Amino acid sequence: MSRITRKTDFLISRSAPPGQKPARRGPIRRVARILGIFTILLAAATFAGFLWFADRVTALAPPSEAKADAIVVLTGGSQRIDQAVELLRSGAGERLLISGVHPATSRAQIRRLTKSSDDLFSCCVDIGYEALDTIGNATETVRWIHDRGYKRVLVVTNNYHMPRSLFELRRLDPQTEFVPYPVVRSDLKAKNWFADPDVLRALIVEYVKIIAASARDFTGYGDRTGLRADDPPASAGLKS
């Protein structure tokens, strides 16, 4: 018997008898196929969301007319504080909170770094030492707002950090109007941000963090104050 004939007989013997439907695929294979499709769709949605996020961040710009009841700046760079103090000088708000200052940094040091007068800092600047991160910034800021009864607040931080900052603030205090005043990083102005590894890394990290914040808000798991002390009194950590 030839090789071709033997192969044909083997295939015939493995095929289903006449009139019998072929065996269905096993459940493991079906589940694997569904998971594969779901993974592809999730990856596509994540990538599309990142492009939207990056486009939104790079398009952020300060408002043409900045005016509010008060100003809050989230620490993380000297440019942020300089810009916030300048807004206070120009009358954009009646009072300024510098949130998330390290305990080792004194009020006098901040005043000297911003080249501000004693009168300005004495009358209109509060220093918040309790916040450990963006969640803590939001907690510290909202307590400060409620203590003073403000309704409209300018938020000063870097543009790449602004979406997550507003998310945390509005999550805790949906009644207050938070007006973004982004401090724009020069390297995030460029249209080819995707070609710069440092900028791309910063955007990816911030995008992952805002996804994690959204998941935390949805599930309620891992909710915390983000402050140095566990649930301190409303005005703790603020120095006027």
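**Close-up views of aromatic pairs and salt bridges**

**View 1. Asp126 and its side-chain partners Arg95 and Trp144.**
Asp126 has a relative accessibility of 1% and is therefore classed as buried (buried is under 20% relative accessible area, exposed is over 50%, and partly exposed lies in between, with a 1.4 Å probe and protein chains only). The model is predicted, so local features need pLDDT of at least 70 and side-chain atom pairs count only at pLDDT 80 or more, whereas totals for chains, interfaces and linings use all residues. Residues are numbered from 1 along each chain as its sequence is written, and side-chain values use heavy atoms, with hydrogens and water left out. Asp126 belongs to strand S3, residues 125–128 (helices, H or I of at least four residues, and strands, E of at least two, are DSSP runs numbered from the N terminus). With Arg95, Asp126 makes a salt bridge whose closest N and O atoms are 2.8 Å apart (a salt bridge is a side-chain nitrogen of Lys or Arg within 4 Å of a carboxyl oxygen of Asp or Glu). Arg95 sits in the loop between helix H3 (78–89) and strand S2 (96–99), and Asp126 in strand S3, so the bridge ties together parts that are 31 residues apart in sequence. Arg95 is likewise buried, at 11% relative accessibility. The side chains of Asp126 and Trp144 are joined by a polar contact of 2.7 Å (a pair of N or O atoms within 3.5 Å; within protein, one must be able to donate a hydrogen and the other to accept it, and residues adjacent in sequence count only if both atoms are side-chain atoms).

**View 2. The aromatic cluster of Phe50, Phe53 and Tyr207.**
Three aromatic pairs are found in a search of the whole structure (rings of Phe, Tyr and Trp, the last by its six-membered ring, pair if their centres lie within 6.5 Å; planes under 30 degrees apart count as stacked, over 60 as edge-to-face and the rest as tilted). Phe53 and Tyr207 have ring centres 5.6 Å apart and planes at 40°, so this pair is tilted. Because Phe53 lies in helix H2 (residues 27–59) and Tyr207 in helix H8 (residues 197–219), the pair ties together parts that are 154 residues apart in sequence. Phe53 is buried at 2% relative accessibility, and Tyr207 is buried at 11%.

**View 3. The aromatic pair of Trp144 and Tyr150.**
The two rings are tilted, with 5.3 Å from centre to centre and 55° between the planes. Trp144 is buried, with 1% relative accessibility; Tyr150 is buried, with 8%.

**View 4. The salt bridge between Asp118 and Arg111.**
The closest N and O atoms of Asp118 and Arg111 are 2.8 Å apart. Asp118 is partly exposed at 46% relative accessibility, and Arg111 is partly exposed at 22%. The structure holds ten salt bridges.

**View 5. Arg171 and Asp223 in a salt-bridge network.**
Arg171 and Asp223 meet through their side chains in a salt bridge of 3.5 Å, N to O. This pair links distant parts of the chain, 52 residues apart: Arg171 is in helix H7 (residues 162–172) and Asp223 in the loop between H8 and strand S6 (238–239). Arg171 is partly exposed, at 22% relative accessible area, whereas Asp223 is exposed, at 51%.
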